[in-house]
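Please open the structure in a viewer and keep the sequence beside it.

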Amino acid sequence: MTNSEKALEYIKDGAIVGLGTGQAATAFIRLLGKAVAQGLQVRGVPTSRQSEQLARELHIPLTTLEETGGTVDVTIDGADEVDRDLNLIKGLGGALVREKIVAAASDRLVILIGPKDVALKDTGVLGKRGVLPVEVVPFGVALALRRLNDLGCPPTIRQKDNRPFVSDNGNSVLDCKISPIARPAQLEEQIRAIPGVVGTGLFLAMADVVLVQDGDRLEVRERARS
Ligand code: A5P
């Protein structure tokens, strides 16, 4: 069984499903499309234009947080790093802010890791890959560059196709150079305190389940729910 197949088990008929962004989420959305074609009834809340387009191509009915009153039953997404407490770093795909909003709206957040990148992503401690994405409104970029540098996370403005990357929200993404993070909650607070910062790629205490697919082996990691 793949991690996408396992993730499908978390989707009940009639569910509102958050659709993540990136390769792992794409694999899941394709599988969900097949299930919908076979009669499963869901409504999707996409976390990016890219995932929205894919869902439309697959005829997955879509809805919005406005229509659902800001609630989602379950969201399936990927991640760039996961630590031993199921904290995450996300955002290398640039959809971090919408992903975090949809994750926060969700009763359950299920994260898919693997099969090609388990060693890279299953880092135990956040920060080992050396990058933390931070989304900033355009007017705040110069200040954020200086403040992030002062925090010891030297940032670079993300580029795409030789131009500054623009998020689906019309913002810039700064990729901050980091080393393993001793106190992620403190770093989140410090970065969020910079005026103009919309969000960081730190997803702390948000994931409920991480499905790690390592070759043929599928590991289900669950966070204790309060
Ligand atoms: C998108 O902004 C990201 O948060 C992705 O969810 C994350 O980068 C994982 O993507 P892949 O599944 O493509 O590795």
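Helices (H or I, at least four residues) and strands (E, at least two) are DSSP runs, numbered from the N terminus. This is a predicted model, in which local features need pLDDT of at least 70 and side-chain atom pairs count only at pLDDT 80 or more, while totals for chains, interfaces and linings use all residues. Residues are numbered from 1 along each chain as its sequence is written, and side-chain values use heavy atoms, with hydrogens and water left out.

**The whole protein**

Begin with everything displayed: the protein has eight helices and 16 strands. The radius of gyration, taken over C-alpha atoms, is 17 Å. This is close to the 17 Å that the globule rule (2.2 Å times the number of residues to the power 0.38) gives for 226 residues, so the protein is as compact as a globular protein of that length. Of the 226 residues, 52% count as buried; buried means under 20% relative accessible area, exposed over 50%, and partly exposed in between (1.4 Å probe, protein chains only).

**Ser48**

Next, select Ser48, in the loop between strand 2 (42–46) and helix 3 (49–57). Is this residue, Ser48, buried or exposed? Ser48 has a relative accessible area of 5% and is therefore buried. Residues up to four places away in sequence aside, Ser48 touches Thr21, Ala95 and Asp168, where contact means heavy atoms within 4.5 Å.

**Helix 7**

Proceed to helix 7 (residues 141–150) and select Val141, Ala144 and Leu148, which are buried. Their arc around the axis, that of the directions from the helix axis to the C-beta atoms, is only 55°, which puts them on the same side of helix 7. On the other side, select Ala142, Arg146 and Asp150, which are exposed. The cover over the buried residues of helix 7 includes strand 8 (131–136), strand 9 (155–157), strand 12 (172–177) and helix 8 (184–192). After helix 7 comes Gly152, with a positive phi near 85°.

**Helix 8**

Finally, select helix 8, where Pro184, Leu187, Glu188 and Ile191 are the buried residues. Viewed down the axis of helix 8, these residues fall within an arc of 105°, so they line one face of the helix. Ala185 and Glu189, on the other side of helix 8, are exposed. Among the elements covering the buried residues of helix 8 are helix 5 (96–105), helix 7 and strand 13 (197–200).
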